[in-house]
Every structure is written in structure tokens, then in C-alpha cells.
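Here are my notes on the model, as numbered points. Please read them alongside the coordinates.

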Amino acid sequence: MDVLQLFVSGLANGCVYGLIALGFVLIYKATEAVNFAQGDFMMLGAFICLGLTNPQFMDLPFWFSVPVAILIMGVFGYLVDMVVLRRMFGQSQVAVIILTIALGFVLRFAAGVIWGHEPISLRTPMAGEYVRFGGLVLGLSEVMVIIVTFLLTLVLYVYFNRTKLGVAMQAASQNQLAAYYMGIPVKRLHSLIWGLAGMVAAVAGILFASKGSIEPSIGLLGIKAFAAAVIGGFGSLPGALLGGIIVGLIEPFASYYIAAGYSQITPYLLLFLILVFRPHGILAQIHSKKV
Amino acid sequence: MRMIFKTSYDADINLFRDREQGFWYMTLLVLSLILPFLLDTFWLGEITNVLIWAIAGMGLMILVGQTGQASLGHAAFLAVGCYANVLLQDPVGLPFILSFPLAGLIAGLAGMLIALPMTRLHGVYLAIGTLAIAILTEDLIVIAEPLTSGVMGLVAPTINIFGLEFDRYGTPGRFYWLVLAIAILMVLAYRNILRTPLGRSFAAIRDSEVSARAMGVNVAWTKAISFGISSTITGLAGALMGHFAGIFNNETFNIIISIQLLLMIVIGGLGSIHGAFFGAIIVALMPQTIAILRDTAGSVFGGGSVAIPGLESAIFGAILILFILFEPMGIYGRWVKIRTYFQLFPFYRRDMFRRQKSYLKTERMR
């Protein structure tokens, strides 16, 4: 039973990593840029929802503040792209990486000023509720995390592969110039995808906050989610989820079976091995390099 | 503007372009030599810190600025150099004059070993791989506790070269001169590497891997060499950093330091030695500047000087965002523009340094 309990809590954690990784992959898939501030986006989403819900701030009902927080983060993502990243259009990936790292610093500081550096927990109707499956006792929030993540991944996957807008986003990433020739408004698409990534980050943040307390430095979780995205295969939506779940599952089992000190390095060790032996991840998207 | 009329092949590779340039650099050298007599101990320590950061920046610059490989894990090599230097001195018993170059060598070997499997990666993947290495190194220091004494940290002994003592607090002037000498050596080494065929193949890889391969450059090997040289210099900076800090543990070389190093050389200006120094000035002096500004503001407006956590990195981040948006070539790039403006006085045009518009393409199939 211990093993099953570990499995479910690891799965729930992994789903949050997977959701952050989804944000990375969305932006990478559509704009070929990497948003290192995705973890901080998640943190911001969680804090906006908390600021709307918790009694010491605005004291609004939870089910009202969730869609509002998601919407705010969507607009925020759109604006970040429109104001900052659009100027970087056509510049190298590394420049964008550095820019988003700096953006993360600024966001973390802003959140610290507004909501303080003490850990706060989000007041949700799910807190303290439990679900029983046979002899297994699961927190309702963990079950919610898993269900919402799988649904969201499915929706995004269908969106990217079946809808016109999704295919246009892929085209814009594969060859910007050709996408322009086809009449695709590449720049607006970029802003839209950043908005979408902001919304996914808000969902991830709210789910994360429903499982425990949050503070501005949880944005650093993004690094772990990043490892997850690479393990799964950067540029693949199911891969991001898979990578997130692998990392999420490895952690509790490693700390259970391996000595302390060694267990925390296992995700990064796995990342390193994957990079050396299968550089493009488990669900690889790159087949050969063309000139 | 002076035109250089080249009368020999040496004119292309001379250290200084002409006598005027040589004169200004010599002035700078003399000024930095007499600095201990002009400044008090506190500011001398800060300048020493700037020089150490600049050496580390030069190390990363070879990799990022010259070879075009982004690394987010150079704090790992700082740590390797620092620990190797101190461990070679204390349990092994070598003098500083041997342990210091050996520490650089060990860091360089570590860099090459790591680079060999990673040369297949590029761009984002390399950045992530090096990030993983930095995190692993931080944890490895804790795991290898018998050697590194883990979170307790190690104490760097006073440097002793042939009876002369170099200590940050005891003899700050001497310590500064030692760091200055090493920094100048590194600048000369850097300049000379750029003039060799190896340096040119670095630039070829930076500009286009495919065309470098077509020109007969062994891309994987050259990248590994670049990684090795880069981590050697960074390791030497790490050794100095250990002596400067006095006491250090795994936290001294955390992931934030790696990121700060990369951001530093971007602010300074990628691909130039000047950039490493400009960036180091910003990074190493900013905490003090913020503290002084805060105290001044506190005394003017009557409020107490309250420390705001994260303010430093937020200001740093904001400066960086502004630089990447408005001056992607960094401080050095801006300086070159200003200099050109005055050299060509009435003829400078705004678009002189504008780059061609480029469009991205992916390597993914879907």
C-alpha cells in the first residue's frame, strides 16, 4: 500500500511539473523560443488566484477567482509577448533564454513585494477532503490535479493537431518566412501562444497551490519542469506530460529507497543521461539536421 | 579617424592597433598598478572582486562569445577550481604556485570530459545540459563530505609564494596585485588564443556549424577544446574566489552564480574582452551601489534603510532586459557606437550597426 500511496502523490506532483513543462513546450513549438520564466508565470498565476480568494486579500469565492486568475494570466502572457518579446523577433534562441531568465527575476521580486515572502496557502473548497478507493486514501486535490492535467493535455494535443489555428502555429515555428507567404499573421500568433502558455501556467499554479503553501521562490520549480520537458522530448505535448510524470514519480521513490542526499539528484542525473544517450528526449521530434 | 596603413603582416595581429591605442592601454595599466595607493582597503577589496569576476567572465566569454555555445553551468567549474586549489594545498601540501595552475588544469579536464558527450547538443539543449551539471555539482559537494566537508565548508589558507604572504585582509594591496597579474596574463592568453587557427575555428563554429564543418573544422573536438579552455580559466577564477571569500561551501557556487555569470557577459557585450570587464564591474559593484543608494535615500527621506529581499536580482534583471531590447551588443557595443560617432564625426548614420532581418527555422519535423 505504501508503494501505491507514493505512486499517487508522485503522479500528482508529476502532473504539476508536466503542466509547467506543457507551457515550455507550447511556446517552443510555436515560436521556437524557450521561456525560462514559465515557472515564475506559474508562481504568479497561483498568487493572483490566492490574492483574489484568500480572506486577508480580496475574499472572493474560489470558483469565481479561478477563471479570473486564468484570464488575467492569459492577458499577461499576451502582453509580455507584445511589449517585450516582439522586439526580439528573429534573434537567437540564447538571447531569448537570457531575457526570460531576467524576466523571472523581476517577476519573483514583484510577487515578493505584493504578497510577501512568507509561505501562504490557498483557501480551496478541496482542502482536507479525501477520496477512498478500496483501502487507499487520496486527497481530493491530488485527484483533481491528475484529472485536470490529463484533460488539459488532451485538449491541447487535439488543438495543435486538428484545428486550423494550431496547425498555423506549427507552420509559423517551422519556417517563419514561408508562414508569412501563406498569409499567417506570425507575430499575432506568437502573442496568442504566449497568452495560452500564461493560462496553462495559471492552471498549474492553482493546482500546485491547492496541494500546499506557496511562496515567490516556487518559480524555481520551473528548472525541474524544464528537466521534465527535455526528458520527455522538447516539442512534444504528450512528451512533456510523460517527462513530468517520470520526474514526479522518481522523486518520492528515490527518497524512499535511496539514502538522503543522493535522492534529490536523480531527476538531474536522468536528464544528463537522456541528453547524452538520447539528446532529443523520449518522444523525439527531430530526425536529421538539414542545412 | 586615423587610417592604418599596413606595411607588414604583423600589422594584422599586433597586440595594439597603433601607438595611440597602446598609449591608452599602458596608461590604464599604470593606473591599475598604483591603485592600492589611491584607494582605501574596502574599495580595493571591491576592485579585486571585480577583477576575479572579470577572469571568470573571460572564461565564459571564450565559450559563449567566441564559440557560440551557451553554458548555464559555469559555477560548477568555479567550484571545481576552488575546491581543487584548496584541497591541493591543505591535505596534499603543495604550495600555491603549484596548486593554482593544477586547479585550473583539473577544472579544464573536468570541462573537457563533460563537453565530449555534450558536443552533439547545441542551443537550448546545451544550456539545459550544463544547467543540470551545475545542479549536480552543488549536490556532489555535499555528498563528497569527507573531502569537501559538505555544508560546513572549507577555509582557504593564506597564499604564500616564496615567503611572501598574500592575504585579502592582512595584505590587501599585495593580494590585489596578484589578482591583477593573473588577470593581465589571462587577457594576453585570451588575445593570443584568438589569433591562432584554433581561435579562428571557434569563430567559424559560432557563425555556422555547418559551414565550419565544410571548411574542415573538427566541430566536436574544437567545441570540447573550447569547453576545456573556458573551464580552465573559470577554474582559476574560482580558485581566486575561494581565497577572496576565505570560507566557502556548496552554497557559494549555486545555480544563481552560473546564471549571473552568463547574464554578466551579455550585459558587458558578447565576444569581447572588454565585455567581460564591463560586465564584472556591473555585477560585482552593484550590491554595494544599491546599499549606498538605499542609505542615501534613507537619510534624505528620513526612513530607515530596510533591506528588500530580491531587490538586487530584480534590478539586475531589469537592466538586462533593457540591454537585450535596446542594446543587444551590451555596454561594449554601445561604447563602440559612441566611439565611431566621434571618429567619423559628421558622417555617422543611425543604421550603421543595424543587423539584417533574420527568420527562424526549426529542425523539427512536426
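1. Start with B:Phe316. It sits in helix H15 (residues 311-326) of chain B. Helices here are DSSP runs of H or I with at least four residues, numbered from the N terminus. This is a predicted model: local features need pLDDT of at least 70, side-chain atom pairs count only at pLDDT 80 or more, and totals for chains, interfaces and linings use all residues. Residues are numbered from 1 along each chain as its sequence is written, and chains are lettered from A and ligands numbered from 1 in the order in which they are written.

2. Is B:Phe316 buried or exposed? B:Phe316 counts as buried because it has 24 C-beta neighbours inside 10 Å. The cut-offs: buried means 20 or more other C-beta atoms within 10 Å, exposed means 12 or fewer, and partly exposed is in between, with C-beta atoms placed from the backbone. Leaving out residues up to four places away in sequence, B:Phe316 touches A:Phe105, B:Leu263 and B:Met286. Contact means that the C-beta atoms, placed from the backbone, lie within 7 Å. B:Met264 is 52 residues from B:Phe316 in sequence, with a C-alpha to C-alpha distance of 9.3 Å.

3. Next, the core. The largest nonpolar core has 198 residues. Such a core is a set of buried Ala, Val, Leu, Ile, Met, Phe, Trp, Tyr and Cys residues joined through C-beta atoms within 7 Å. Helix H8 (residues 186-211) of chain A gives the most to this core, with 16 residues. The residues with the most contacts inside the core include A:Ile98, B:Leu262 and B:Leu263. Beyond four places in sequence, A:Ile98 is in contact with B:Leu262, B:Leu263, B:Val266, B:Leu320 and B:Ile324. Another core, of five residues, lies apart, with B:Phe202, B:Ala204, B:Ile205 and B:Val217 among them.

4. A:Ala197 is found in helix H8 of chain A. A:Ala197 is buried, since 29 other C-beta atoms lie within 10 Å. Not counting residues up to four places away in sequence, A:Ala197 touches A:Gly23, A:Leu26, A:Ile27, A:Asn35, A:Gln38 and A:Gly77. A:Phe36 is 161 residues from A:Ala197 along the chain, and their C-alpha atoms are separated by 12 Å.

5. Compare A:Val148, in helix H5 (residues 140-162) of chain A. With 17 other C-beta atoms within 10 Å, A:Val148 is partly exposed. A:Val148 touches A:Val203 and A:Leu207, residues up to four places away in sequence not being counted.

6. Now a helix pair in chain A. Helix H2 (residues 38-53) and helix H4 (residues 93-115) of chain A pack at about 20°, with axes 10 Å apart. H2(A) is therefore roughly parallel to H4(A). Axes are lines fitted to C-alpha atoms, for helices over the stretch in contact, and angles run from 0 to 180 degrees between N-to-C directions. Under 35 degrees is roughly parallel, over 145 roughly antiparallel, 65 to 115 roughly perpendicular, and the rest oblique. The residues of the H2(A) contact with H4(A) are six nonpolar, two polar and two charged. Here Ala, Val, Leu, Ile, Met, Phe, Trp, Tyr, Cys and Pro count as nonpolar, Asp, Glu, Lys and Arg as charged, and the others, Gly among them, as polar.

7. Last, a pair in chain B. Helix H5 (residues 75-89) and helix H7 (residues 124-143) of chain B pack at about 35°, with axes 8 Å apart. B:Ala75, B:Ala76 and B:Ala79 of H5(B) meet B:Ile133, B:Ala134, B:Thr137 and B:Ile141 of H7(B). That contact has six nonpolar, one polar and no charged residues.

Methods
Helices (H or I, at least four residues) and strands (E, at least two) are DSSP runs, numbered from the N terminus. Two residues are in contact if their C-beta atoms, placed from the backbone, lie within 7 Å.
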